[in-house]
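Hello,

Here is the structure we talked about. My notes on a pocket and a ligand site follow below.

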Amino acid sequence: MATKRDNTLKLKFDSARKLSPAPESRSSATIRPRYDLFINGKFEPSSGKKYFDTINPATGEKLSEAAEANAADVDKAVKAARNAYEKCWKKMPAKERGKYVFRIARMVQERAREFAIVETMDGGKPIRESRDFDIPTAANHFFYYAGWADKLEYAFPNRTAKSLGVAGQIIPWNFPLLMASWKIAPALATGNTVVLKPAETTPLTAMLLAEVIQEADLPPGVVNIITGGGSTGAALVNHPDINKIAFTGSTEVGKIIQRAIAGTSKKITLELGGKAPNIIFDDAPIDQAVEGVVNGIFFNQGHVCCAGSRLYVQESVMNDVVRKLRDRIETLIVGDPMDKNTDIGAINSKQQLDKINKYIKIGLGEGYDMYQSSCVLPDRGFFLRPTIFTNVAQSSRIAQEEIFGPVLTIQSFRTDEEAIEKANNNPYGLSAGVWTDKGSKIFNMTAKLRAGVVWANTFNKFDPASPFGGYKESGYGREGGLHGLQPYVTF
Ligand code: NAP
Ligand code: MG
């Protein structure tokens with residue numbers, strides 16, 4: 001029988017879900033029916049004249065198609081980048097280079113609304129995320145690195161930093177424009193030229209960025225953007241005239257790339273997968289912590305490399321936390337990513353949805369307790385209810401492997417040592433979160449957690465000035481901040 005509390009909550013959840021629709025207008029963005037490769041400052045079809053579809057994962061409908069670059073196109077793009085590097089970019093005074101990067105930053109800012117709409121339609125993330133986080137943070141990265149271009153002597157005191165040459169850059173689908181800016185901005189600021197390959201399911205904002213770069217009058221060949229699948233990425237990695245590979249994506253592909261460049265002089269940075277622990281102590285502000293956990297794993301569909309996908313809760317507050325989490329996820333709005341009220345948008349692709357469902361089955365098969373929100377999912381597109389697993393074993397696959405979806409595993413701990421041991425007992429080490437009232441506990445935990453970033457009493461906070469990167473199988477090298485310049489220079 002429903003208790004009085006259940007009835008009160010039901011009323012609250014129903015009213016949260018009955019917010020009037022607030023769809024973002026699509027009129028500020030034009031998606032062209034077809035996008036060509038951006039090589040040497042011009043848009044051109046691939047030499048094989050092949051195109052692949054990119055769809056809107058919220059509807060399953062085709063949005064556009066992008067050219068599929070083959071090895072000959074990759075070679076053409078690398079040659080354009082080499083030519084631009086030797087003849088123009090490496091000789092250009094740093095102050096002038098910086099002006100171009102500033103111009104790109106301003107133009108991304110001016111066209112922010114258009115970028116946000118296209119990002120959401122192509123990738124499925126809520127418009128609130130692309131509008132308030134992805135696009136402004138991407139512009140901020142260009143602003144930040146534009147400022148460094150003529151100040152490298154302060155970044156590397158008593159040393160003369162020299163550019164490397166041509167950088168081959170490969171990015172994933174979860175933050176398409178933001179990852180492009182993380183890669184392109186520091187490369188240009190340090191005097192390198194670029195060939196960038198976006199992910200197959202989200203090529204559109206990269207192509208919009210190519211338009212911006214063309215309008216910004218960047219010398220032809222300084223940035224080349226080529227679309228295609230894994231084989232295009234592999235051709236870029238294996239091209240003999242590349243000086244540096246910057247890769248963000250899965251650990252599996254990261255390992256393939258590392259093997260491919262072994263024995264060459266190519267420099268490499270790898271930003272790979274994650275399985276971040278979020279640790280709640282019994283002295284933490286529980287409501288705030290629950291909100292942070294929700295933000296850390298459910299917003300953005302859990303498509304975040306540093307998502308807080310493993311929750312560790314001190315035993316005495318376990319029941320409280322689980323109850324509050326269940327209540328909170330009931331209020332999350334899952335659905336049309338273009339609606340400004342939506343918290344959880346579409347899963348990026350059918351393939352990714354299948355992968356997440358496979359892990360949910362594994363979790364159920366291993367006998368863990370699952371709770372999913374009772375929300376009604378749209379009848380088309382790729383969607384998933386926010387999902388929680390409790391009583392999970394540390395050795396279980398759902399607590400060890402990256403799921404990359406809105407799925408949270410919860411375990412308890414008694415002492416600080418147990419929390420550290422469990423949190424570190426995982427192949428990944430990208431990020432972690434600690435929730436406690438005590439500063440001394442925060443310092444103790446941050447010193448012992450094997451993760452590139454540790455957030456204290458907050459989660460998933462980013463700033464261009466702050467470096468980001470992994471330990472262990474989460475990769476190596478840092479992006480962002482002063483540290484993000486280092487992989488693009490030699491002395
Ligand atoms: P992915 O499958 O590894 O793909 C990443 C990129 O590599 C895509 O552009 C992909 O092309 C390309 N690629 C695939 N096979 C390749 C090969 N053999 N050689 C060269 N390039 C190849 O990863 P994803 O599924 O797109 O992205 C999710 C993963 O990225 C997660 O593991 C997540 O944790 C990680 N990630 C890490 C960070 C970080 O900063 N550490 C940030 C964001 C995401 P296609 O798209 O055509 O397959
Ligand atoms: Mg798409």
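**Second largest pocket**

The second largest pocket has 26 lining residues, and Val334, Gly335, Asp336, Thr342 and Pro378 lie nearest its centre. (A pocket is an open set of points on a 1 Å grid over the protein atoms alone, where a 1.4 Å probe fits, with protein on both sides within 12 Å along at least five of seven lines; lining residues have an atom within 4 Å of a point.) The model is predicted: local features need pLDDT of at least 70, side-chain atom pairs count only at pLDDT 80 or more, and totals for chains, interfaces and linings use all residues. Residues are numbered from 1 along each chain as its sequence is written, chains are lettered from A and ligands numbered from 1 in the order written, and side-chain values use heavy atoms, without hydrogens and water.

The space in this pocket is about 440 Å³. Its lining splits into 14 nonpolar, seven polar (Gly counts here) and five charged residues (Asp, Glu, Lys and Arg). Domain 1 (34–272 + 474–490) and domain 2 (277–463) both contribute to the lining, so the pocket lies between them. The domain bounds come from an automatic or database assignment.

**Ligand 1**

Ligand 1 is surrounded by 29 residues, with Ile171, Glu200, Ser250, Leu272 and Glu402 the closest. (Near means a heavy atom within 4 Å.) That shell holds 15 nonpolar, ten polar and four charged residues. Helix 9 gives the largest share, three residues.

Polar contacts are N or O pairs within 3.5 Å:
- Glu200: backbone N or O atom, 3.0 Å from a ligand 1 oxygen.
- Glu402: polar side-chain atom, 2.6 Å from a ligand 1 oxygen.

Best wishes

Notes. Points joined across faces, edges and corners; volume = space filled by probe spheres on them. Polar contact = N/O pair within 3.5 Å; in protein donor to acceptor, adjacent residues only side chain to side chain. Helix = DSSP H or I, 4+ residues; strand = E, 2+ residues; numbered from the N terminus.
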